[in-house]
Amino acid sequence: MATRDEVLNVLKGLKDPVSGADLASSGMVRALNVDGGEVRFVMEIDPANATALTPVKTEAEEKIAALEGVTKVSIVMTAHAKPSAPPDLKANRPAQPQGPQKIPGIDRILAVASGKGGVGKSTVSANLAAAFAAEGRRVGLLDADVYGPSQPRMLGVSGRPSSPDGKTILPMRNHGVTMMSIGLMTREEEAVVWRGPMLMGALQQMLNQVQWGALDVLIVDLPPGTGDVQMTLAQKAELTGAVIVSTPQDIALLDARKGINMFEKLGTPIVGMVENMSTHICSQCGHEEHVFGHGGVAAEAKKLGVPLLAEIPLAMDIRVAADGGAPLVVSKPNAPQSQAFRTLARSLIDSGNA
Ligand SMILES: Nc1ncnc2c1ncn2[C@@H]1O[C@H](COP(=O)(O)OP(=O)(O)OP(=O)(O)O)[C@@H](O)[C@H]1O
């Protein structure tokens, strides 16, 4: 019986004419199998060297066949797979794309922001989204308000979004609005303890991994203030512009100014301001009162050179509808306040922002 060592000895005595190494140490002999009188192996070669190696293969066959006990020799030449290049960890790798990117399929992104919490940014976002849908726009709403994601409640959506392939996330849909909320991705008590990098990761996931489909406009309901989420959004996604929501109170206006400054620094155009809780409309008698003062946002917008897009009254209907899971624009489309949102939506569409 021939042994494996005897076969290897023969191979050691033969030379690879290309590299000059002996066949045993050249690395081209693979899957050597000595089974009774049968010897089999594969010669993995660069196809360009096939002609040069054919005589070596013949010689190997003859010499192995001459070993005592060998009854059959089969050597197969195969083309080796090109070794893959080692991963390029540094230097001369082409730079990763930097700066704000367009999100495939999404024509426009409108950020809805406020300097301060509780001014009605989410209420405006939900009604605006429903109003865009009523105007026939393909609209998405991304609820990035990590500190108080309220869109699932306002749009009447619950449950966890599914991910059929483990890579992309299917958004939810209600009232003609495609939506995704950070509140659907986390347990309620978790969101508030998130820190910068996690927030940024979650925001990017919602922008890039959610199957938004083709949208005319994606509204992003931001957390209040000027923090990581706002920065990340403006730095990563190409924004059409920002809509700043404020109440007429001085303090809310001051905060709105900070928000405007931040977007200007980040190069995001300010589309305009929305005054929310502009006047109070009594649900009993319809009497209108300026509880928070009036004209403040209009004056501020003028000073800052940005348009005042809408004045939305403080009306019980708006809150009740939002709490009930169908924005007023959907539940009472003919109410005057719904018309205010529809007018806002139309003006944004007409100006090419939605
Ligand atoms: N125009 C309005 N008339 C009546 N109620 C309103 C109006 N706008 C908002 N609200 C109510 O005020 C509360 C706060 O509104 P909302 O959650 O939209 O504010 P927000 O600015 O998004 O707050 P946060 O950023 O802190 O989540 C809600 O209960 C909402 O229903």
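Which residues does Gly-259 touch, not counting residues up to four places away in sequence? In this predicted model, they are Ala-113, Ser-114, Gly-115, Thr-226 and Ile-244.

## The chain as a whole

The secondary structure of the chain comes to 13 helices and 12 strands, and 40% of the 354 residues count as buried.

The overall dimensions can be described in two ways. Along its principal axes, the C-alpha trace of the chain spans about 110 × 40 × 40 Å. The radius of gyration of the chain is 34 Å, whereas a compact globule of 354 residues would have a value near 20 Å.

## Two domains

The domain assignment divides the chain into domain 1, which covers residues 4-79, and domain 2, which covers residues 109-350. Between the C-alpha centres of domain 1 and domain 2 there is a distance of 72 Å.

Gly-259 belongs to helix α9, which is formed by residues 250-265. Is Gly-259 buried or exposed? Gly-259 counts as buried because 25 other C-beta atoms lie within 10 Å, and the cut-off for a buried residue is 20 or more.

A further residue to look for is Ile-270, which is 11 residues from Gly-259 in sequence and, from C-alpha to C-alpha, 9.9 Å from Gly-259 in space.

## Helix α13 and its two faces

Which residues of α13 are buried? They are Ser-338, Ala-340, Phe-341, Leu-344, Ala-345 and Leu-348. Because these residues cover an arc of only 155° around the axis, they are placed on the same side of α13. The face turned away from this buried side carries Pro-336 and Asp-350, which are exposed.

The buried residues of α13 are covered by other parts of the chain, including the helices α3 (121-134) and α12 (328-331), together with the strands β10 (270-281) and β12 (308-315). Ile-270, mentioned above for its distance of 9.9 Å from Gly-259, falls within the range given for β10. After α13 comes Gly-352, a residue whose phi is positive, near 80°.

Methods: Residues numbered from 1 in each chain as written. Predicted model: local features only at pLDDT ≥ 70, side-chain atom pairs only at ≥ 80, totals over all residues. Domains from an automatic or database assignment. Helix = DSSP H or I, 4+ residues; strand = E, 2+ residues; numbered from the N terminus. Buried ≥ 20, exposed ≤ 12 C-beta atoms within 10 Å, placed from the backbone. Contact = placed C-beta atoms within 7 Å. Arc of directions from axis to C-beta. Rg over C-alpha atoms; globule rule 2.2 N^0.38 Å.
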